[in-house]
Amino acid sequence: MSEENKDLGDKAEDAFDAAKEKAKEFGDKAEDAFDSAKEKAKEFGDEAKETAQEFADSAKETFNNVAGSDNKKVLTGILAIIFGSLGVHKFILGYQKEGLILLIASVVGYATMCFVIGSFIVMATGLIGLIEGIIYLTKSDEEFYNTYQVGKKPWF
């Protein structure tokens, strides 16, 4: 019986060594998988960081466009109130055709001022400038930018 116990002990030892070897192989595979997952997570994090930076840059550019339009909004609003009959505010916004219409109408109005119709023409162009100036100044920066600079709405 002692021979049988010795054989069983040897078999148990061999099985233990085999299990130990399998556990080591499994541990090595798990370590490789962990390293691979860690590397993939780092790549994903770098990509996310890059995408977030691009988004931040885009947001800054958009903000600067809208914030830059604040100066144009105030400038066009004040010029529309003061020199609205001449169409100066239209030229600043890039509406050449509308600016020329107001300018020509004002010149014709001043030229025919001795007649009654000239006074009405000058008053009409001045009123258009006053109304547009008030509208420009009462709009929010974003609304002004979207309506008059992106949307290109020429009148009122």
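This report describes helix α3 and its packing against helix α4 in a predicted model.

## Helix α3

Helix α3 spans residues 96–111, a run of 16 residues. From its first C-alpha to its last, α3 reaches 22 Å, close to the 22 Å expected at 1.5 Å a residue.

Five named positions of α3 are buried: Glu-98, Gly-99, Leu-102, Ser-106 and Gly-109. Viewed down the axis of α3, these buried residues fall within an arc of 105°, so they line one face of the helix. Lys-97, Ile-104, Val-107 and Ala-111 are exposed, and they lie on the face of α3 turned away from its buried side.

## Packing partners of α3

With α4, the packing angle is about 150° and the axes are 7 Å apart. The crossing of α3 past α4 is left-handed.

On the α3 side, the contact is made by Leu-102, Ala-105, Ser-106, Val-108, Gly-109 and Tyr-110. On the α4 side, the residues are Gly-118, Ile-121, Val-122, Thr-125 and Ile-128. By class, this contact has 7 nonpolar and 4 polar residues, with no charged residues.

## Helix α4

Helix α4 has 23 residues. Its reach from first C-alpha to last is 33 Å, close to the 33 Å expected at 1.5 Å a residue.

The buried residues of α4 are Gly-118, Val-122, Thr-125, Gly-129, Glu-132, Gly-133 and Tyr-136. Among them, Gly-118, Val-122 and Thr-125 also take part in the contact with α3.

Note on methods
Residues numbered from 1 in each chain as written. Predicted model: local features only at pLDDT ≥ 70, side-chain atom pairs only at ≥ 80, totals over all residues. Heavy atoms only, no water. Helix = DSSP H or I, 4+ residues; strand = E, 2+ residues; numbered from the N terminus. Expected span 1.5 Å × (residues − 1). Buried < 20%, exposed > 50% of the residue type's maximum accessible area, 1.4 Å probe, protein only. Arc of directions from axis to C-beta. Axes fitted to C-alpha atoms, helices over the stretch in contact; angles between N-to-C directions. Left-handed = near helix turned anticlockwise from the far one by under 90°. Contact = heavy atoms within 4.5 Å. Nonpolar A, V, L, I, M, F, W, Y, C, P; charged D, E, K, R; others polar.
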